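Have the sequence and the 3D view open as you read.

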Amino acid sequence: MALIDKVVKRALTCVMATAVLASFAAHAEDVHVLNWKGYGTDEPWALKEFEARTGYHVVNDFFNSEQEMLTKLRTNPGAYDVVMVNSAFNQQAREQNLLQPVDVNGMPNVADLDPKMRHSHLLEIGGQSYGIPWVWGVTSFAVNDTKIHPVPDTIQALWDPAYKGHVGMRDDAIEAVQFAALATDQNINDIKNLDAVKSKLKALTSQLKTFWSSENDWNQYVASGVFYVSTYWSGSAARARNKFNLPVTFVIPKEGAIGWLDSLSIPKGAHNVNGAKAFINYMIDPGFYTQWDSRVGAPVSANTKAVAALPAAAFNRAVLANPAVQSRIQFQEPITDDKRRAYLQLWQEIKAQAD
Amino acid sequence: MKFALSSPQGRPLVRAMTLAGPAYMWLLLAVFLPLSVMLFYSFMSDVPTSGGNWSLTFQNYLTFLDEPLYRKLMVRSLGLSAQVTLICTVLGFPCAYMLAKVIRGRSREALFLLIILPFWSNGLVRIFSWNMVLRSGGVVDWVLNHLWPWPVDTDLMFSYPAIVIGLVHSYLPYAVLTAYLSLQAIDDSLIEAARSMGAGRLTILRRLILPLAMPGMLAGAVLTFVPVVGAFMEPRLLGGRKGTFIGTVIEDQFVAVFNWPLGAALSFTLLALVLAILFIGMRLSRRKDK
């Protein structure tokens with residue numbers, strides 16, 4: 001008897017262990033999402049609401065750079081059901097065979113997406129959608145209202161000698177080069193005069209106090225009076241004002257600003273395509289978006305109805321949804337590896353010359 | 001004798017292998033293999049995982065020779081490292097001497113703890129805490145403003161001195177501990193003998209203690225010099241816009257543009273340079289002995 005007892009117990013443990021392992025491998029009700037940390041898809045209240053509505057449980061994983069995202073997709077096929085891909089990287093991901101087209105049947109919110117973004121040449125190829133536009137935003141600059149008054153309307157404010165030693169920017173080659181392109185009246189996606197960019201950037205680095213690398217950094221530098229004016233992202237500026245009560249104003253200067261569009265895609269080999277579609281549909285839902293923007297602060301939704309549901313004074317509705325402002329925004333196109341490396345080298349040369 | 005040395009199985013080689021085997025396996029797996037993969041990467045034209053075609057090339061090493069930027073940064077990093085190593089050695093020696101020869105008992109244990117303490121904290125935390133101290137309105141500023149009748153603004157943050165301070169703080173324990181070990185090994189009776197024969201303090205230090213402590217101090221200097229040449233965290237976080245060094249440039253190749261081959265080639269060039277410097281240094285110090 002004792003022996004049989006033992007055998008049965010062993011067998012049971014084996015079965016349980018296998019079950020646990022299997023649930024790790026592929027739980028039918030799980031939706032595995034890959035995104036930046038703290039960027040909408042991991043808000044606990046939203047995940048609770050989504051699970052209550054659809055029964056799908058969301059499991060988040062994070063990346064720290066676009067390259068890391070691509071590497072994770074390459075090395076773990078089937079591990080993710082939804083991935084957040086910046087539209088400028090969609091082509092690269094597609095060409096490396098990492099994404100599958102999304103069948104938008106059963107995703108009612110897709111009909112309300114801004115048609116320009118929905119059919120963007122970056123996301124829709126041959127009538128097939130390789131990414132559902134999610135949110136978009138602007139990289140420009142913000143000023144500390146207590147230090148700079150009135151709020152400037154030109155990007156040259158970053159080069160204003162009056163603010164020398166109180167200017168901040170992100171240590172990012174592409175962003176730096178594109179800022180200098182705007183300041184020298186060039187198209188950010190087709191820079192003709194790289195020498196002008198170089199000398200403009202050289203002048204900018206002598207204005208700088210330091211580089212910022214995260215929202216937390218930025219907020220601290222502004223709060224402690226280190227930054228009077230610094231490059232920033234529209235969604236983050238909204239968070240700085242709403243959540244951290246910082247006296248900052250985000251500026252979209254007359255020279256224009258850098259626009260980016262983030263989209264949600266389904267990787268090739270995803271186990272739970274239906275769950276992925278439900279989650280993407282929820283992510284572009286007006287109900288989720290208005291809560292995200294008011295509770296946390298969000299970029300602009302690609303769903304026009306979601307933006308219209310915001311309070312009239314909300315920055316994302318009042319300023320960014322304004323056609324006159326939108327016409328000044330230059331959206332980022334994919335950048336070739338060669339260009340990326342050339343920009344990095346240019347940027348490193350300029351930084352190495354800082355005295 | 002032979003019986004005593006050989007194992008019961010009578011095969012010393014087997015016994016040696018079972019004892020040393022795990023350590024060698026570990027070295028092989030953890031050090032040699034990843035390094036050889038990186039060495040291989042440095043001769044590739046592109047990263048194979050990005051899906052593109054790749055071939056073997058010397059181009060990455062030629063880039064280092066062609067671009068004055070990398071040479072300039074290499075020189076800058078070597079200069080920084082030499083400076084940090086010198087400061088660590090100069091600060092570390094008296095500290096180690098006090099520990100080894102002057103202080104005894106409980107207070108020595110307490111001092112030891114203070115020296116080892118930085119090892120127990122995360123490197124990133126250490127650097128961020130310097131931020132509090134060095135920044136305008138930080139601790140240094142506050143103290144100076146309370147002592148000095150006129151307002152001062154030191155604002156050391158985001159400058160070359162800030163990088164040096166952060167690195168010295170991180171690597172000083174190596175200098176102290178290695179110098180301590182060789183100082184402690186000096187027999188006190190040697191010093192007494194020198195003294196009894198009329199040697200002054202300076203003579204004892206110069207002719208006796210320094211030469212005997214030299215191996216430890218050199219080891220400490222090497223332990224400091226090598227990692228500081230490639231340091232990227234301290235320059236990035238404390239140096240602000242002046243924080244571009246060869247280490248940060250290599251990091252950018254890996255993280256920002258996914259150009260692993262160039263990053264690997266720069267790393268190995270740096271490794272070769274550092275090894276060459278150490279080799280020449282060893283040669284010179286040996287010649288001096290003769």
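**Chain A overall**

The model is predicted. Chain A has 15 helices and 14 strands. Its C-alpha atoms fill a box of roughly 90 × 45 × 45 Å along the principal axes. Chain A has 355 residues, and 55% of them count as buried. Consider the contacts in chain A with a separation of 6 or more: 75% of these join residues 24 or more positions apart.

Helix α3 of chain A spans residues 66-75. Seven of its 10 residues are buried, so the helix is largely enclosed by the rest of the structure. The buried residues are A:Glu66, A:Gln67, A:Met69, A:Leu70, A:Lys72, A:Leu73 and A:Arg74.

**Two buried residues of chain A**

Take A:Ser265 to begin with. This residue sits in strand β12, residues 257-267. Its relative accessibility is 0%, so A:Ser265 counts as buried. Which backbone oxygen does the side chain of A:Ser265 reach? That of A:Tyr130, at 2.8 Å. Beyond its sequence neighbours within four places, A:Ser265 contacts A:Asp81, A:Val82, A:Val83, A:Val85, A:Asn90, A:Leu99, A:Tyr130 and A:Gly131.

Now A:Arg340. It belongs to helix α15, residues 337-352. Is A:Arg340 buried or exposed? The cut-off for buried is under 20% relative accessible area. At 8% relative accessibility, A:Arg340 therefore counts as buried. A polar atom of its side chain lies 3.4 Å from the backbone oxygen of A:Ile335. Leaving out residues up to four places away in sequence, A:Arg340 touches A:Phe89, A:Ile174, A:Ile335 and B:Val257. A:Ile174 is 166 residues away in sequence, yet the C-alpha atoms of A:Ile174 and A:Arg340 are 7.1 Å apart.

**Where the chains meet**

A:Arg340 touches a residue of chain B, B:Val257. The contact between the chains takes 24 residues from chain A and 24 residues from chain B. Together the chains bury about 2,300 Å², of which 50% is on carbon and sulfur atoms. Which three residues supply more of the area that chain B buries against chain A than any other three? They are B:Phe158, B:Arg241 and B:Val257, which supply 30% of that area.

**Pockets and cavities**

Rolling a probe the size of a water molecule over the atoms shows where empty space is left. The structure holds two cavities of 30 Å³ or more.

| Space | Volume | Lining by class |
|---|---|---|
| Second largest pocket | about 480 Å³ | 12 nonpolar, four polar, no charged residues |
| Second largest cavity | about 40 Å³ | five nonpolar, four polar, no charged residues |

The second largest pocket, at about 480 Å³, is lined by 16 residues. Closest to its centre are B:Thr85, B:Leu218, B:Ala221, B:Val222 and B:Leu278. Helices α4 (68-102), α10 (201-229) and α13 (260-289) of chain B each give at least two residues to this lining.

The lining of the second largest cavity consists of B:Thr89, B:Gly92, B:Phe93, B:Ala175, B:Thr178, B:Ala179, B:Met217, B:Gly220 and B:Ala221. Two or more of these residues come from each of α4, α8 (160-184) and α10 of chain B.

Definitions and conventions. Residues are numbered from 1 along each chain as its sequence is written. Chains are lettered from A and ligands numbered from 1 in the order in which they are written. This is a predicted model: local features need pLDDT of at least 70, side-chain atom pairs count only at pLDDT 80 or more; totals for chains, interfaces and linings use all residues. Side-chain values use heavy atoms; hydrogens and water are left out. Helices (H or I, at least four residues) and strands (E, at least two) are DSSP runs, numbered from the N terminus. Buried means under 20% relative accessible area, exposed over 50%, partly exposed in between (1.4 Å probe, protein chains only). A polar contact is a pair of N or O atoms within 3.5 Å; within protein, one must be able to donate a hydrogen and the other to accept it, and residues adjacent in sequence count only if both atoms are side-chain atoms. Contact means heavy atoms within 4.5 Å. On a 1 Å grid over the protein atoms alone, a cavity is a set of points where a 1.4 Å probe fits but cannot get out, and a pocket is an open set with protein on both sides within 12 Å along at least five of seven lines; lining residues have an atom within 4 Å of a point. Grid points are joined across faces, edges and corners, and a volume is the space filled by probe spheres set on the points. Ala, Val, Leu, Ile, Met, Phe, Trp, Tyr, Cys and Pro count as nonpolar, Asp, Glu, Lys and Arg as charged, and the others, Gly among them, as polar. Buried area is the accessible area (1.4 Å probe) that two parts lose on being put together, summed over both.
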